[in-house]
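Please look over the structure below. The report that follows covers its loops, its sheet and its helix pairs.

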Amino acid sequence: MRILLIADIHANYEALETVLEIPHDRAICLGDIVDYGPDPDKCIDLLRMKGIPVIRGNHDNAVAFKVDCQCGYKYKHLSIATREYTWEILDRSGIEYLQKLPLLIREEIDGTRLYLTHASPRSMFEYIKPETTDEEIQNMINEAMEPMEAEFLVVGHSHIPMDRKLGNLTIINPGSVGQPRDGDPRASCAVFDTENGKVEHLHLDYDIDSVCSKIRERMPHAEELIAILRRGY
């Protein structure tokens, strides 16, 4: 089975539409539908319409419960400013949808066990990055929300694509659909083949000009938001 892994959409509807066109049998979203982008409502509606399972990310949590997102200092002012915009856009149904999202999803497909969560097995706020040490990751696993009995750990949150081995565990991060942080401004995602365990990382062109136009027309800190989108970090 080909599973399309997507994460960190951040209200970028054009990027979400583009990645969902990739041929796949199922799709799973690792969270952070909202903040930073102009179309949180349209992104939620599309995910709901397609019946895609979604994990609650730290930004979804902040919007849903009006709490701190605990995101990095570099972008926090943008997160706070665009959250006010997001609250104006979303109706009660959208807020309730975010509130009900789970913190993790377990799957067993073709004999392959997956543990999917937004950031780390221990917390929706901490990062697993390429430079994170094996010891740090092992501590996260040992203190996981629920025991992690799986061959694959799938996370988002860092906005950086990753495919990494830790003993018998493979850690996958598909990167960010709508707010890349790896220097490539294209929409990032991954396709995981459960039959052979292979992961294909993809970067796709999308109508970034349309998104930037909407940001400029509607949102605070527009020029800074646009510059980040166009740089990819």
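## Two loop residues with positive phi

His159 sits in the loop that links strand E5 (152-154) to E6. This is a predicted model. The phi of His159 is near 65°, a positive value in a residue other than glycine. Is His159 buried or exposed? His159 has a relative accessible area of 6%, so it is buried; the cut-off for buried is under 20%.

Ala11 is another case. Its loop lies between strand E1 (2-6) and helix H1 (13-19). Phi of Ala11 is near 60°, again positive in a residue other than glycine. The relative accessibility of Ala11 is 0%, so Ala11 counts as buried. For background, most residues other than glycine have a negative phi.

## The five-stranded sheet

E5 and E6 both belong to an open sheet of five strands. The strand order is E3-E4-E5-E7-E6, and the pairing is mixed. Which strands form the edges? They are strand E3 (104-109) and strand E6 (162-166), each of which pairs on one side only. From one strand to the next, the twist averages 20°.

## Helices H7 and H8

Two packed helices are described by the angle between their axes and the distance between the axes. For helix H7 (residues 208-218) and helix H8 (residues 222-231), the axes come within 9 Å and cross at roughly 165°. An angle over 145 degrees counts as roughly antiparallel, so H7 is roughly antiparallel to H8. The crossing of H7 past H8 is right-handed.

Which residues make the contact? From H7 come Ile208, Asp209, Val211, Cys212, Ile215 and Arg216. From H8 come Ala222, Glu223, Leu225, Ile226, Leu229 and Arg230. By class, the contact of H7 with H8 holds eight nonpolar and four charged residues, with no polar ones.

## Helices H2 and H5

Helix H2 (residues 40-49) packs with helix H5 (residues 92-99) at an angle of about 65°. Their axes are 11 Å apart. H2 passes H5 in a left-handed crossing.

On the H2 side, the contact residues are Ile44, Leu47 and Arg48. They meet Ser93, Gly94, Tyr97 and Leu98 in H5. How do the residues of this contact divide by class, and how many are charged? The contact of H2 with H5 has four nonpolar residues, two polar and one charged.

Asn196 is found in the loop between strand E8 (187-193) and strand E9 (199-204). At 46% relative accessibility, Asn196 counts as partly exposed. Exposed would need over 50%.

How far apart are Asn196 and Met1 in sequence and in space? In sequence, 195 residues separate them. In space, the C-alpha to C-alpha distance between Asn196 and Met1 is 9.3 Å.

Key. Residues are numbered from 1 along each chain as its sequence is written. This is a predicted model: local features need pLDDT of at least 70, side-chain atom pairs count only at pLDDT 80 or more; totals for chains, interfaces and linings use all residues. Side-chain values use heavy atoms; hydrogens and water are left out. Two strands pair if DSSP finds at least two bridges between them. Helices (H or I, at least four residues) and strands (E, at least two) are DSSP runs, numbered from the N terminus. Axes are lines fitted to C-alpha atoms, for helices over the stretch in contact, and angles run from 0 to 180 degrees between N-to-C directions. Angles under 35 degrees count as roughly parallel, over 145 as roughly antiparallel, 65 to 115 as roughly perpendicular and the rest as oblique. A crossing is left-handed if the near helix is turned anticlockwise from the far one by less than a right angle, and right-handed if clockwise. Contact means heavy atoms within 4.5 Å. Ala, Val, Leu, Ile, Met, Phe, Trp, Tyr, Cys and Pro count as nonpolar, Asp, Glu, Lys and Arg as charged, and the others, Gly among them, as polar. Buried means under 20% relative accessible area, exposed over 50%, partly exposed in between (1.4 Å probe, protein chains only).
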